[in-house]
Amino acid sequence: MSERDKYPAQSGRRRFVKGVVGGAALAGVGATGAAAINSATQSSGAGGGSTQAYAIENVAGPAPRGMPQIPVEIDDEGYLKGVWPEVKTVKQGGVSVQIAETEDFKGSGETYTTEWFQFCGVESYAGIEPGYDSENYFRSGSNPGYEWQSEAYSEGDRLHVDDFSDYQEWGNGVGDPGLGKPATGRWRSEDAEDTIPIQVIKSEQVIEMAEEDPWLEASTEEGFIAWLNKCTHFCCVPQYKNEGSAKFNAANDVYCQCHQSVYDPYSIVQTLFVARPRPSD
């Protein structure tokens with residue numbers, strides 16, 4: 001076990017689904033205060049408010065919490081998709097509105113909702129609207145984060161499992177080779193003005209993690225894990241095994257070069273935060 005895996009006994013922090021982290025700012029808020037927070041952050045039909053999400057853990061730097069995980073699925077042809085929650089119509093304040101939420105996601109006992117992604121302005125993106133018409137595939141962007149992507153894909157191509165077959169050997173000269181193979185891309189952004197950036201990794205560590213955790217068993221597939229790639233500090237776009245990250249002890253992590261926030265993609269934790277409301281229709 002590495003030093004960063006050892007939390008103070010009194011902290012109550014644990015990895016995976018065993019606890020809630022990142023909620024210090026809300027932990028001291030009583031029932032009245034929590035109601036005030038929800039009232040101040042919700043708008044009719046737009047969600048928002050106190051939200052608990054699964055995220056890749058923030059382990060260093062100024063970021064207040066991890067970046068939210070996107071559950072992964074693979075279609076019959078081997079293309080990677082991000083799972084979108086179930087779209088349904090509910091009554092809020094006497095008004096019928098659409099939400100996207102899946103309770104007991106794939107038998108994990110956890111609720112998956114689009115409120116996980118409502119931060120950094122993403123809440124106003126077309127792709128976050130519950131009913132936005134999208135096939136949900138992860139697609140390579142115009143400026144891929146890795147040389148191998150530029151050789152394998154053109155802009156807009158769907159990410160495919162076969163292109164990650166060398167994940168146990170892949171390396172880009174940063175950190176240790178063989179930890180996992182990454183790709184950057186976009187999600188639910190076709191024909192939209194704004195791009196939702198994502199990052200994907202295939203790793204043996206993800207396979208091992210999923211064997212012992214119900215949420216990860218439900219939300220990862222064949223060693224693939226993905227997340228919304230917006231740093232929770234100032235909304236920059238980080239990168240796994242980034243050039244210059246070794247200087248900040250982040251050679252094998254996700255590193256945001258804007259302000260040196262570091263995330264561990266192999267530590268999935270629950271994080272509590274106040275999601276922003278989507279703009280009203």
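I began with an open sheet of 3 strands, order β6-β7-β8, paired in the antiparallel sense. Strands here are DSSP runs of E, at least two residues, numbered from the N terminus, and two strands pair if DSSP finds at least two bridges between them. I noted β6 (87-92) and β8 (112-113) as the edge strands, each pairing on one side only. I then looked up β7 (residues 95-102), which pairs with β8 over 2 bridges. Glu101 has Thr113 of β8 as its bridge partner.

The model is predicted: local features need pLDDT of at least 70, side-chain atom pairs count only at pLDDT 80 or more, and totals for chains, interfaces and linings use all residues. Numbering runs from 1 along each chain as its sequence is written, and side-chain values use heavy atoms, with hydrogens and water left out.

At the start of α4, I found a side-chain oxygen of Ser203 within 3.0 Å of the backbone nitrogen of Gln205.

Last, I looked at the largest pocket (an open set of points on a 1 Å grid, 1.4 Å probe, protein on both sides within 12 Å along at least five of seven lines; lining residues have an atom within 4 Å of a point). Its lining has 17 residues, with Asn143, Thr184, Gly185, Pro197 and Val237 nearest the centre. β10 (181-187) and β11 (197-202) each give two or more residues. β10 gives the most, 3.

Key
Helices (H or I, at least four residues) and strands (E, at least two) are DSSP runs, numbered from the N terminus. A polar contact is a pair of N or O atoms within 3.5 Å; within protein, one must be able to donate a hydrogen and the other to accept it, and residues adjacent in sequence count only if both atoms are side-chain atoms.
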